[in-house]
Amino acid sequence: MPYQLTIQRPVETHGVGLHTAVRCHLRLVPAPADTGIVFRRVDLDNFEIEAHVRNVARVSYATSLMKQGVLLSTVEHLLAALYSCGVDNVYVELDALELPILDGSSKPFIELLAQAGIRKLRRQRRYIHVIKPLEFSDGDRRIGIYPADEFRVHCFVDYKHPNVGPQEVEMTVDRQSFSRELAPARTFGFMKDFVGLQAMGLIRGGSVENAIVLDDEGILNGPLRFADEFGRHKALDLIGDLALVGRPLKARIVAHKAGHALHTQLVTRLLADHTLWTETTAPHDSSDSRPSITDSLSATS
Ligand SMILES: [Zn+2]
């Protein structure tokens with residue numbers, strides 16, 4: 001029977017925000033069962049913002065949460081790591097409005113979780129098990145969610161750039177597969193957008209240290225970590241946004257040239273229509289691998 005997980009001990013890191021360039025300390029703290037993932041602005045009297053789609057504020061170049069006017073930006077890379085590792089309950093303490101970008105991937109967060117260790121709680125996990133498909137599109141961008149007995153993503157990107165042609169990633173997501181195949185994939189940006197984005201107050205903390213930078217000819221700061229690192233990073237972003245369901249998913253998600261806006265719309269529409277899913281505590285079949293994730297994560301701590 002899968003039980004809810006938290007972390008064993010507090011861990012912390014720090015860095016600058018990608019868009020604000022503001023320095024931020026981030027601390028993960030164990031939380032009791034049924035807490036979910038809850039952000040705490042320690043600079044604002046521990047104001048709490050739940051990692052739930054109802055708190056989504058803005059989704060242009062990053063996913064931001066807002067509650068009662070308090071903003072929290074660029075949550076997706078940490079959420080992707082927590083969700084893939086099956087961490088159901090944790091407090092994320094921050095002293096600024098944007099999470100540190102670190103190296104632009106989820107790898108530093110995976111390492112932080114290995115340091116924290118994983119603790120099993122005495123409460124069963126409650127999955128959102130999708131039983132009916134939901135799909136929609138916006139121009140040539142499409143997204144859909146379909147019944148499945150595991151958590152599986154299929155992501156397709158196609159940027160008009162010689163180094164980022166069509167790239168496709170499809171995989172069942174768990175701690176092992178995510179850590180190996182997706183977590184190291186870094187965010188990326190195009191030089192031609194740089195000035196415009198900075199004028200909009202974005203990517204002020206962006207640098208060749210925390211993003212793959214492309215110009216018309218190629219990659220300014222290679223080598224890539226994967227030949228298809230762009231497609232892999234979009235899959236990582238998708239998982240981070242799906243975490244805003246607030247529960248583990250048993251579903252297959254297909255995203256075709258989608259982005260944060262479509263990802264979060266999918267979550268909103270899914271949760272709003274209770275005929276599309278059931279809530280289940282038991283794994284659908286014996287292939288559920290999460291108990292062994294607990295064991296292997298504990299072993300590395
Ligand atoms: Zn990203």
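This is a predicted model: local features need pLDDT of at least 70, side-chain atom pairs count only at pLDDT 80 or more; totals for chains, interfaces and linings use all residues.
Me: Okay, and which residues of α2 are buried?
Reply: Pro108, Phe109, Ile110, Leu112, Leu113 and Ala116 are buried.

Me: Let's look at α1 then. At what angle do α1 and α2 pack, and how far apart are their axes?
Reply: Helix α1 spans residues 76–84 and α2 spans residues 107–116. They pack at an angle of about 45°, and their axes are 9 Å apart. An angle of that kind is neither roughly parallel nor roughly perpendicular, so α1 and α2 are oblique to each other.

Me: Is the crossing left-handed or right-handed?
Reply: Right-handed, as α1 passes α2.

Me: Which residues make the contact?
Reply: On α1 they are His77, Leu78 and Ala81, and on α2 they are Phe109, Ile110 and Leu113. By class, that gives 5 nonpolar, 1 polar and no charged residues.

Me: New topic: how many residues does the largest nonpolar core have?
Reply: That core has 74 residues. Leu82, Ile239, Leu242 and Ala243 have the most contacts inside it.

Me: What is Leu242 in contact with?
Reply: Setting aside neighbours within four places in sequence, Leu242 is in contact with Tyr83, Leu249, Ile253, His263 and Val267.

Me: And what's in the second core?
Reply: The second core is separate and has 7 residues, among them Val16, Ala62, Leu102 and Ile203.

Technical notes
Residues are numbered from 1 along each chain as its sequence is written. Axes are lines fitted to C-alpha atoms, for helices over the stretch in contact, and angles run from 0 to 180 degrees between N-to-C directions. Helices (H or I, at least four residues) and strands (E, at least two) are DSSP runs, numbered from the N terminus. Angles under 35 degrees count as roughly parallel, over 145 as roughly antiparallel, 65 to 115 as roughly perpendicular and the rest as oblique. A crossing is left-handed if the near helix is turned anticlockwise from the far one by less than a right angle, and right-handed if clockwise. Two residues are in contact if their C-beta atoms, placed from the backbone, lie within 7 Å. Ala, Val, Leu, Ile, Met, Phe, Trp, Tyr, Cys and Pro count as nonpolar, Asp, Glu, Lys and Arg as charged, and the others, Gly among them, as polar. A nonpolar core is a set of buried Ala, Val, Leu, Ile, Met, Phe, Trp, Tyr and Cys residues joined through C-beta atoms within 7 Å. A residue is buried if 20 or more other C-beta atoms lie within 10 Å of its own, exposed if 12 or fewer, and partly exposed in between; C-beta atoms are placed from the backbone.
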